[in-house]
Amino acid sequence: MLGALKKHGALKGSLMGIARILRCNPFVRGGYDPVPDHFTLKRNLHPDEKILN
């Protein structure tokens, strides 16, 4: 959450941090999830994990 606050400011960083903390549960697949350069509340997927539509 601190990384999101530093990169995106108080409002957006707080929203991103809360969303990231809420994803920390047994029902969500874990893994490395760096703070993205653009604002999003979705989890970053590794290029190998992206679902092709």
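A residue is called buried when its relative accessible area is under 20%, exposed when that area is over 50%, and partly exposed in between. This definition will be needed at several stops. Please note also that the model is a predicted one.

**The whole chain**

Begin with the entire protein in a cartoon display. The protein has two helices and zero strands. Buried residues account for 21% of its 53 residues.

**Stop 1: Arg23**

Select Arg23, in the segment after H2. Is Arg23 buried or exposed? Its relative accessibility is 18%, which is under the 20% limit, so Arg23 counts as buried. Next, display the side chain of Arg23: one of its polar atoms lies 2.9 Å from the backbone oxygen of Leu41.

**Stop 2: His8**

Move to His8, which is placed in helix H1. With a relative accessibility of 16%, His8 also falls under the 20% limit and therefore counts as buried. Which backbone oxygen does the side chain of His8 reach? It is that of Pro36, at 2.9 Å. Apart from neighbours within four places in sequence, the contacts of His8 are Gly13, Met16, Val35, Pro36, Asp37, His38 and Phe39. To follow one of these across the chain, select the C-alpha atoms of His8 and Val35: they are separated by 9.4 Å, although the two residues are 27 apart along the chain.

**Stop 3: Lys7 and Asp37**

Side chains of opposite charge can pair when their charged atoms come close. Select Lys7 and Asp37, which form a salt bridge whose closest N and O atoms are 3.0 Å apart. Because Lys7 lies in helix H1 (residues 2–8) and Asp37 in the segment after H2, the pair ties together parts that are 30 residues apart in sequence. The count for the protein is one salt bridge. Compare the exposure of the two partners: Lys7 is partly exposed, at 42% relative accessibility, whereas Asp37 is exposed, with a relative accessible area of 68%.

**Stop 4: a nonpolar patch**

Finally, select Met1, Ile18, Ile21 and Leu22 and show their surface. Together these residues make a nonpolar surface patch of about 400 Å². Within this group, centre the view on Ile18, found in helix H2 (residues 10–22). Ile18 has a relative accessible area of 45% and is therefore partly exposed.

How values were computed
Residues numbered from 1 in each chain as written. Predicted model: local features only at pLDDT ≥ 70, side-chain atom pairs only at ≥ 80, totals over all residues. Heavy atoms only, no water. Patch = residues over 30% accessible without salt bridge, like charges linked within 9 Å, V, L, I, M, F, W, Y side chains within 5 Å. Areas by Shrake-Rupley, 256 points an atom, 1.4 Å probe, with all protein chains shown as cover. Salt bridge = Lys/Arg side-chain N within 4 Å of Asp/Glu carboxyl O. Helix = DSSP H or I, 4+ residues; strand = E, 2+ residues; numbered from the N terminus. Buried < 20%, exposed > 50% of the residue type's maximum accessible area, 1.4 Å probe, protein only. Polar contact = N/O pair within 3.5 Å; in protein donor to acceptor, adjacent residues only side chain to side chain. Contact = heavy atoms within 4.5 Å.
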